[in-house]
Amino acid sequence: MGRKRKEKPYLENVEIEALAAEGNGLAHVDGKVLFVQKAIPGDIVDVQVNKVRSGYIAGYIVKMHKPSPDRIAPFCEHYGTCGGCTWQPLPYQMQIDFKRRQVEDQLVRIGHLKLPEVRPTLGSEKTRFYRNKLEYTFTHRRWIFDGEDPDAIDEAQRCGLGFHVGGFFDKVMDIRECHLQREPSNSIRLFVKQYALEHGLSFFDLRAHEGFMRNIVVRTTTTGEVMVVVVFGTEAAEEGGLEKAKALLDALKERFPEITSLYYVVNGKCNDSWSDLPCHLYSGNEAIYEKMEDLRFKIGPKSFYQTNSEQAYRLYSVVRSCIRESVDKRLKTDKPVIYDLYTGTGTIALFLSSMASKVIGIEYVPEAIEDARVNASVNGITNSEFFAGDMKDILTSSFIAGHGHPDIVVLDPPRAGIHPDVAQVLLEAEPDNMVYVSCNPATQARDLAILCRKYEITYVQPVDMFPHTTHVENVVALRKKSSMNLYALTSDLHGEMTEDVLSEPFIRDVERSCGRFFRFKGTDFSDFGSGDDYIYIRTGGTEGAFKEVFCKDGKPVIPGGRCVRLLTSGQSNSLAASMEILSYLNSFGVAGRILHGSGRDIAKMMEDSPEGRVDAPEACGINSMRLSSRPLEGQRLGVVGKPSDWLISSDVDYDRAREVLGVELIDIPIAELTELYARGGYEAPAGLKPINAPRFGKPISEEDFRKAVNVYGALRAIVGKYNLNGLTLRCFDLLTSIGTTGCLALSLLNSEGIVATCEGDIPAMLSMALAKAVSGTPGFQVNLSRTDGEKFLFAHCTVPLSIVTDYCYDTHFESGIGVAVHGEFAPGGVTVFKVGARLDSFLAEDALLEENQYQDNLCRTQIVVKAPGLAEYMLRKPLGNHHIIIPGHWAAKIKEILG
């Protein structure tokens, strides 16, 4: 037994509050949105719900308790059944007011666009008899009106000629009088219907796809010309059929001598479209002509032309006004190249041709392009070229290279809008101005959201081409934003495709916030210094590449002496690398600025960018070192392998380290470590957790763990051999030489009281040794990943196990191999500490560790530290990359000893 269908609700005394998209009335009932057909604001009605969805319900009026005070009587007898002119009960001013709101709502809600004030809808001077084209359909089974008895209607009376009933492909309503097109449209329709009935010409069966009379099209112009196209079914092609068709055409021609162009078509297809079928000129002229100012436009049987001729002129005048300012700014000898995309019969292109050095029109329909060329010839316009084909296939970079770069582009696409490939070509071409004309604000909003990466909307003008309907034409003017040059550096350890995915939202956010767009220069720095330049440090590991570009004779040389602006996303150690680069620049007195945060934050920083200024250290919270004693007296610290290439601001003078701190730095070849590693057989310290499932990386194998323990054992052997108190390891060399990392080994050494840092970072090692000397506690070497100016997200993979509350194993973030440590901290006080590479300055700041983080695009142990005083230091004058986090508040003690 089938499930019983739930009865849909009947709603009483519903007051309609507003108009919704598609022109339905809108109300709220029991917290749900209700859409009501043929209702207008102010109506109080009973509604039968016929559609129930999760987000809304919809229905139709059953009883009108009280009509809206704004409601007026429909002027057409067919209102309510015919699918057209659905807004007849609504005063025209309310119609155009709503169309303005509809445009604004869809541009903002769908496109999330920043708009100027949307102008009032440009209404049509004629609200009836404004169309220049109507197509009627024959049916042998017309729509039965309320009150008619189907059994009392004979076969002839069942035939009809009119419009499809909304929602039914096979239902046609017989039209007695239509108010959309001026005479002789109504008279022609009624005459043809009567002739067909009197002469036994069968009306079309829309289900069986058979019958003699199928469609009739009437086109008129403001100059008084009339074109009629009679579409016959396949019976007209049968024996004797053509004679019957010609007899009808002769009678039509005789009855209406004002018909200047008479065609017929034989359509045997299963649908009513006949644009791909041959049109036979039976009598009169090949085409009719519409006039607009001093231009004449040819209209053939298949031509597209705006169906409201007089309003089309006003629409094109709006388009012209949108580009006039751009044109007037040019020298009279420097007229723009204008592209008219989706040109139809070339109306807009030719309308604008006098303002251009050349106009290029592109359209899908070949017949329309032939008309466009004829229109150009008829009007003596010689600076136009027209091309037929699919827009995405025609409009390419090579096409633009061959036919001239567009200064201005006009888009007037069909309802579906433009293809993404077309939008991309336009973004790459970067015309100065664009004007987007659309009959569908929803798809227009979608397309504008793409184009507004490089363009800003300067003007929005709705135009009512179809009074008494919900349709609205909309004109949007676009102006190219000012541009910024964006150069980019990416480490080989990070995949370009992955970084593109991560970077895209960040870059778009910055562009939207600053109202400008980036020209992507990639890694070609040949013209750096020629414009408004920014360097996007996309990942860590790019510091050496920066130095290769800008370092000459051992110091940075910046073209034009510009302030170097480093854009950072907070992904993939981007910020940490920028800090190392800025520290390098500052050490030579070169001005720089890290731009980091939300798009809005960065836009503000761009406005406040300190061109040519190097901030004073003390202004950024940096302390001068004035040691009265050597706090690391007698300690021996090893440098296993030279410092990593990206530590460009971390060179330490060994003699100064001995003189100032009392420490001896000892170079140890990386080969010595690999030789000791190769011996193998080292034991892991007691009490380590067993291998576990990682949070983010791939599972850790026994082989992975064995390799990591062997690195620990080899480093332990080096510590014993050289009698070291600590070491720093150029750990990235291990990725290629032995296929693992030093993360776990360094973590274990720190837990045992042996200072251990990674990447060969000597300042970080000295900072950690000083931290341990002051606090007695091992520190945590960290990268700064991102900040909002008050809270700082630090991350790294080598946290000492002795200072965390829990931990698990994971893979090394950048390489995805080895065994890293993902530790968790208890909230509480901490100290952020760093000694500068010159050993003449330091940072020590008490802070609060608030929480742990778990993000898959950062080093594994991640902590959020609240330290409002650090923002200026981190983004304006950092002392390099790595910092040390010490559990507890030790800033005062550190300053006492070092300052």
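Before the charged stops, here's a rule to keep handy: a charge sits over a ring if NZ of Lys or CZ of Arg is within 6 Å of the ring centre and within 35 degrees of the ring normal. Also bear in mind that what you're looking at is a predicted model.

Start by selecting Tyr534 and Arg565. The charged end of Arg565 is over the Tyr534 ring, 4.1 Å from its centre. Now jump to Tyr289 and Arg296, where you'll find the charged end of Arg296 over the ring of Tyr289, with 4.3 Å to the ring centre.

Next, rings meeting rings. There are 28 aromatic pairs in this structure. Pick out Phe212 and Phe232, an edge-to-face pair with 5.4 Å from centre to centre and 65 degrees between the planes. This pair links distant parts of the chain, 20 residues apart. Phe212 is in the loop between helix H3 (185-198) and strand S10 (213-220), while Phe232 belongs to strand S11 (residues 226-232). Are these two buried or exposed? Both Phe212 and Phe232 are buried.

Move on to Tyr584 and Phe588. Their ring centres are 5.5 Å apart and their planes are at 70 degrees, so this pair is edge-to-face too.

For the last stop, select Tyr487, Phe525, Phe528, Phe546 and Phe550 together: they form one aromatic cluster.

Conventions: Residues numbered from 1 in each chain as written. Predicted model: local features only at pLDDT ≥ 70, side-chain atom pairs only at ≥ 80, totals over all residues. Heavy atoms only, no water. Phe/Tyr/Trp six-rings, centres within 6.5 Å; stacked < 30°, edge-to-face > 60°. Helix = DSSP H or I, 4+ residues; strand = E, 2+ residues; numbered from the N terminus. Buried < 20%, exposed > 50% of the residue type's maximum accessible area, 1.4 Å probe, protein only.
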